[in-house]
Amino acid sequence: LLARAFSGTPALVLLDEPTAGLDLGGREDLVGRLGALGADPTGPPTVLVTHHVEEIPAATTHLLLLREGQVLAAGPLSEALTAEALSSTFGLEVHLERRGGRWSAWA
């Protein structure tokens, strides 16, 4: 389905949990491809919905965190993605780390 979506020239790409059901290799391949798409200045804007910060492609620029329909954080990824914001979003103490352009979170 993703190949079909990108076969044309989409004006906007909306992805809701695109890595669900993929094994580690498939997930990493897809995240890498989405990162390359996001880094391409001629590529379409992309909106990605995920519950896992590990799935955020390196080229992602902005973030919106929601809990029960309320905005808890929004803005540039480097400013809005914090352990405090994630803790509020998930309702538990979350630790956050960035390595090599990718994020990891754990409780």
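Ser87 is buried, at a relative accessible area of 17%. Here buried means under 20% relative accessible area, exposed over 50%, and partly exposed in between (1.4 Å probe, protein chains only). The structure is a predicted model: local features need pLDDT of at least 70, side-chain atom pairs count only at pLDDT 80 or more, and totals for chains, interfaces and linings use all residues. Residues are numbered from 1 along each chain as its sequence is written, and side-chain values use heavy atoms, with hydrogens and water left out.

Ser87 belongs to helix 4. Helices (H or I, at least four residues) and strands (E, at least two) are DSSP runs, numbered from the N terminus. Apart from residues up to four places away in sequence, Ser87 touches Leu92, Glu93 and Val94. Contact means heavy atoms within 4.5 Å. The buried residues of helix 4 are Ala85, Leu86, Ser87 and Thr89. These buried residues pack against strand 3, strand 4 (70-76), helix 3, strand 5 (95-99) and strand 6 (102-106). Just after helix 4, Gly91 adopts a positive phi of about 70°.

In soluble globular proteins, nonpolar side chains tend to be buried together. Leaving aside neighbours within four places in sequence, Leu86 contacts Val53, Leu65, Leu81, Val94, Leu96 and Ala105.

Strand 3 and strand 4 run antiparallel and are joined by six bridges. Two strands pair if DSSP finds at least two bridges between them. The hairpin has two residues between its strands. Glu68 lies in this loop between strand 3 and strand 4. Phi of Glu68 is positive, near 50°, in a residue other than glycine. Glu68 is exposed, with a relative accessible area of 74%.

Glu17 likewise has a positive phi, near 50°, and is a residue other than glycine. Glu17 sits in the loop between strand 1 (13-16) and helix 2. The C-alpha atoms of Arg4 and Glu17 are 17 Å apart in space, and the two residues are 13 apart in sequence. Arg4 is part of helix 1 (residues 2-7). Arg4 counts as exposed, at 64% relative accessibility.

Leu12, Leu14, Val47 and Val49 make a nonpolar surface patch of about 360 Å². Patches are made of residues with over 30% relative accessible area and no salt bridge: like charges are joined within 9 Å, nonpolar side chains (Val, Leu, Ile, Met, Phe, Trp, Tyr) within 5 Å. Areas come from the Shrake-Rupley method with a 1.4 Å probe, and for residues only the protein chains shown count as cover. Val49 is in strand 2 (residues 46-49). At a relative accessible area of 39%, Val49 is partly exposed.

A salt bridge is a side-chain nitrogen of Lys or Arg within 4 Å of a carboxyl oxygen of Asp or Glu. The count comes to four salt bridges. One of them joins the side chains of Arg102 and Glu28, at 2.8 Å from N to O. Arg102 lies in strand 6 and Glu28 in helix 2 (residues 24-39), so the pair ties together parts that are 74 residues apart in sequence. Arg102 is partly exposed, with a relative accessible area of 21%. Glu28 is also partly exposed, at 29%.

Arg33 and Asp29 form another salt bridge, at 3.0 Å from N to O. The two are four residues apart in helix 2, and therefore separated by about one helical turn. Arg33 is exposed, with a relative accessible area of 55%. Asp29 counts as partly exposed, at 40% relative accessibility. Arg99 and Glu97 also form a salt bridge, and their closest N and O atoms are 2.6 Å apart. Arg99 is exposed, at 56%, whereas Glu97 is partly exposed, at 32%. Salt bridges that share partners join Arg27, Glu28 and Arg102 into one network.
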